[in-house]
Amino acid sequence: MSNKLVAYIGILGVSLFAIAAIIGPLLIADYSVVSQYISESFTSNTEYGSYLQYFGYVPSGILTTIFCFSVAKFLPSSRLIKAGFFGLAIFYGLGTILVGLFPCDAGCPTNILDSSTSQLIHNAMASLTYVFLPICIIAIGLGLRKFQDYGKLSQIAMATGIISAIFIFVLFSNPESGYRGLLQRVIETSFITFIISTALKIRNSS
């Protein structure tokens, strides 16, 4: 694949996620983007949940996986960069697919005893994703620091990685916080910003 095609795949992948995350809450009365997780917009009991799953999150995960597996060859040769994007492909790309295929129960409960199998898979994959997400992005940022032409992208990677790490720590400290929806959206925005920045960088490369 060409650099431009890979770039557009990455942009489309995160755009589908963003669109689904915006549309979902609009379809549910009294949904709060501040206090409710994104996953609560496509729980097993929501009327339009399956549309968000199969036209939003699952294809987003597929495209993001393809992007993360493909993008390293258009960037400087570095083990950190390759490992970082490989991790993102596994934990964010494939993770988004699994989270989309296995929606959480109504209210997205965190109590294991009250959870269905789908909920358990959903929570486990989401947790793994958020544990490794900032690590992978920061690793990419460190790898890019060695290359002068990628200084700005390195800074974006470091900034988004650190921001996401801080907000993930706060979210994990209190997953029932009244601001959990807002915290999660900051985390996702950080990742989307990094992916789009990377896609634009390789799109303009020779």
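This is a predicted model: local features need pLDDT of at least 70, side-chain atom pairs count only at pLDDT 80 or more; totals for chains, interfaces and linings use all residues.
Residues are numbered from 1 along each chain as its sequence is written, and side-chain values use heavy atoms, with hydrogens and water left out.

Within α4 there is a kink of about 30° at Phe132, shortly before the proline Pro134, where the bend is the angle between axes fitted to the seven residues ending at a residue and the seven starting there.

With a disulfide defined as a pair of cysteine sulfur atoms within 2.5 Å, the count comes to 0 disulfides. Cys136 is buried at a relative accessible area of 8%, and Cys68 is buried as well, at 2% relative accessibility; buried means under 20% relative accessible area, exposed over 50%, and partly exposed in between, with a 1.4 Å probe and protein chains only.

Turning to the rings, the structure holds 9 aromatic pairs, counted where ring centres of Phe, Tyr or Trp (its six-membered ring) lie within 6.5 Å, with planes under 30 degrees apart called stacked, over 60 edge-to-face and the rest tilted. One of them is the stacked pair of Tyr51 and Phe55, at 6.4 Å centre to centre and 15° between the planes. These two residues are 4 apart in helix α2 (residues 49-70), and so are separated by about one helical turn; both are exposed. Phe85 and Phe194 are also stacked, at 5.9 Å and 20°, but this pair links distant parts of the chain, joining helix α3 (residues 79-101) to helix α6 (residues 180-203) across 109 residues, and both of its members are buried. Phe17, Phe42, Tyr57, Tyr92 and Phe191 form one aromatic cluster.

Charged side chains also meet rings: Arg180 lies over the face of Tyr37, 5.5 Å from the ring centre, and the charged end of Lys201 sits over the ring of Tyr150, at 4.9 Å from its centre. The criterion is NZ of Lys or CZ of Arg within 6 Å of the ring centre and within 35 degrees of the ring normal.
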